[in-house]
Every structure is written in C-alpha cells, then in structure tokens.
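Me: I'm new to this structure and would like a tour. Could you show me how to read its features one at a time?

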Amino acid sequence: QIPKDPAQRWVQKLAMLSKQLQQIHPNVLAKVLKQATVYQNEEIVVINKPYGLPVHGGPGIKNCITDVLPILAKMLENMNAKPLHLCHRLDKETTGVMVLARSKEVADRIRLLFKTRQVEKIYWAISLGDPDPAEGIVDIPIVEKEVRSHQSHYKMTLAPNYRLSPEDGKVMKIRKNRNAESAVTRYRLLASSSACSLLELQPITGVKHQIRVHLAYGLGCPILGDHKYSHWSKLAPQKLPEITLKRLKLEQSKARHLPLHLHAHRLSLPLGQQIDLICKPPVFFQKTLKKLDLDVAND
C-alpha cells in the first residue's frame, strides 16, 4: 500500500531500500558500489557507502559489501584484478566514507593506522535536542550489557568510572568494569532548529556504536532515527517532538521507518601523503536537513 502523503512515501521508500539491497544480484550491487566510488589510486578505492547495506554477512543477510569485493575489483580494473580488502567497518545504517585496499599489505597498513588512531574521522549526525555545552568531549567508557525486559536484548551502554554517593552527594570512584572499553568522542554543534541539531563528531576511539551511545546516553541527544538507543529498557520506535514531526510531515506511528541519520563525512588518511576524503551525505539526509531548516551553508 503506497501512502498518499509524499513524506510518508519517502520514509516507506527508505524502509524498502534495505530490503531491496538484499534482493538484488551481487553483480548489480557491485555496480551500485562502483557508481559510489569517490576516489581511487594504485593503493586504495574509496566508496560512499549506501544506507542499509551491511559490511559483513550474518544470519538473514544475503548481500554484503565483503561478498562483492572481488566483483567490484574486476569492474574497476580488469577481469584479472585481485579482490579488494576491507580496512575498517561502518554500521549497516551508517553512510559515507569507506576505504578499501587493493592489496593485503596496504589493508594491513591502513588497519594499523586506524588502530593507532592516526586516521582522523569526522561524522555528521542529526540529533534530537541540542547538546549542552554546544561543543566538548565525551569521555565515558562503554560496555555491552543485556537489557532484561519482556524482550531481552543486548545494547552498548555507558560504564562511567565515577558516580555520586547517594548518602552525601560526593563524587566517588567506582570499580572499573572489566569488560568496559575506553571511549572518547569530540562533538560540535553546527546548526540547530525544529528541536533537532546537526552535529559534527570526531570519534577518537573506535568502540562499537560509540557515537550513538555517547550522544544518546552521554549527552541526552539521540541520533534521529536511532530506535535502538533512544530508550534503554525497551525496543520501540523513537519518540519525536511535535515540531520535528510537523516539519518532517510525519506521524508518530510512522516514526519507526525513519532511517538513522549518521554519516561518515570526512576521513583523513596519512598514506605517504595526507589523503583527505569527503563524501556528501545521502539524499535522504540532505532532505531532512532542508525540512528541519538545519542550515550548513557556512561549512
């Protein structure tokens, strides 16, 4: 059933997109990635990763980036090109700069650059609410925990090293969670309007779902369309402010189709010389910026 309202249609189309990417032939998917290529030299190929496409395979996943790397290499080079190699990963719903290496040696070199934090990564996210202060650093360790509710599930969450004593309100150091990983994210407000913000984010560390967790639980500003981290104890669609729904011409009952607005915007790679890679946000992200009146002309 196709909704009459253009906004509802647009949201439904995005929900379908992930499904379609799972149903197309691997050759067609490789072609999509070839069209998404933004830079290449003799060592690397850089793509603007589409929304809803997983990097790795898993249960119920028919198509992923890893599987089509051999086909993509042949399309870009020639029939006897060696398969491309992954250097890092992005979540299924995250779009933007993704680096692939033409050889295992280059891939290992780039992975080491990521591991030793020599790669500068800049993300853009549309979040609900404004962070306070408008610019700063979130430095709170993250751990994976089971959420016990009527639908038990696992989530990443904060594992702070300090808390306030219930007796006298003094700051106490708490025993470090053995499994917690150190996580640091720089953030800066670029624009705010319609109860939402456009944020520039620089993850200094690389913990799973780090930006999503730091924004939702650290700053109280979950990413627009992040249904997983907008609540702690339940799996439910994100609740949007009235003004945001109005601007997006969306009903709350359809909010569950809203995609995650997180985009890997820039990546600076010290490979011999400094390579600066920039990817434009996908069309849905740009449309949302326009509808919410989040102006980034000055960036």
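Reply: Happy to. Keep in mind that this is a predicted model. Let's begin with the overall layout.

Me: Which domains is the protein divided into?

Reply: Domain 1 covers 8-116 and domain 2 covers 120-290. Their C-alpha centres lie 24 Å apart. To see how the two domains meet, look at contacts: 27 residues of domain 1 are in contact with 30 residues of domain 2.

Me: How do I read a nonpolar core, and how many residues does the largest one have?

Reply: The idea is to look for buried nonpolar residues joined through their side chains. Here the largest such core has 34 residues, and I65, L84, L100, L201 and L215 have the most contacts inside it. Several elements supply at least two residues each, among them α2 (26-35), β4 (95-101), β12 (196-203) and β13 (262-271). The largest share is six residues, and α3 provides it.

Me: Where does this core lie relative to the domains?

Reply: Between them, because domain 1 (8-116) and domain 2 (120-290) both give residues to it.

Me: Let me zoom in on L215. Which residues is it in contact with?

Reply: Setting aside neighbours within four places in sequence, L215 is in contact with A125, L199, L201, G220, C221, P222 and I223. There is also a second, separate core of 24 residues, which includes I126, A191, L294 and V296.

Me: What about L29: is it buried or exposed?

Reply: Relative accessibility is the number to check, and buried means under 20%. L29 counts as buried because its value is 0%. This residue is found in helix α2. Beyond residues up to four places away in sequence, L29 touches L21, I24, L53, N63, C64 and V68. As for L201, it is 172 residues from L29 in sequence and 29 Å from it in space, C-alpha to C-alpha.

Me: And what does N48 touch?

Reply: N48 has its place in strand β2. Not counting residues up to four places away in sequence, N48 touches A36, V38, G96, H263, C279 and K280.

Me: Now the aromatic rings. How many aromatic pairs are there?

Reply: For each pair, check how far apart the ring centres are and how the planes are angled; over 60 degrees counts as edge-to-face. The count here comes to three aromatic pairs. One of them is Y51 with F284, an edge-to-face pair at 5.3 Å centre to centre, with 70 degrees between the planes.

Me: Why does that pair tie together parts of the chain?

Reply: Y51 lies in the loop between β2 (44-49) and α3 (65-76), and F284 lies in helix α7 (residues 283-291), so the pair ties together parts that are 233 residues apart in sequence. Y51 is buried, with a relative accessible area of 12%, and F284 is buried too, at 6%.

Me: Which other aromatic pair is edge-to-face?

Reply: Y217 and W232 are, at 6.0 Å centre to centre and 80 degrees between the planes. This pair links distant parts of the chain, with Y217 in helix α5 (residues 210-218) and W232 in the loop between α5 and α6 (242-248), 15 residues apart. Y217 is partly exposed at 24%, and W232 is partly exposed at 34%. Y217, Y229 and W232 form one aromatic cluster.

Me: How do I read a pocket, and how much space lies in the largest one?

Reply: Rolling a probe the size of a water molecule over the atoms shows where empty space is left. In this model, the largest pocket holds about 770 Å³ of space. Its lining has 26 residues, and R89, K121, G206, V207 and K208 lie nearest the centre. The largest share of that lining, three residues, comes from α5.

Technical notes: Residues are numbered from 1 along each chain as its sequence is written. Side-chain values use heavy atoms; hydrogens and water are left out. Rings of Phe, Tyr and Trp (its six-membered ring) pair if their centres lie within 6.5 Å; planes under 30 degrees apart count as stacked, over 60 as edge-to-face and the rest as tilted. Helices (H or I, at least four residues) and strands (E, at least two) are DSSP runs, numbered from the N terminus. Buried means under 20% relative accessible area, exposed over 50%, partly exposed in between (1.4 Å probe, protein chains only). A nonpolar core is a set of buried Ala, Val, Leu, Ile, Met, Phe, Trp, Tyr and Cys residues joined through side-chain atoms within 4.5 Å. Domain bounds come from an automatic or database domain assignment. Contact means heavy atoms within 4.5 Å. On a 1 Å grid over the protein atoms alone, a cavity is a set of points where a 1.4 Å probe fits but cannot get out, and a pocket is an open set with protein on both sides within 12 Å along at least five of seven lines; lining residues have an atom within 4 Å of a point. Grid points are joined across faces, edges and corners, and a volume is the space filled by probe spheres set on the points.
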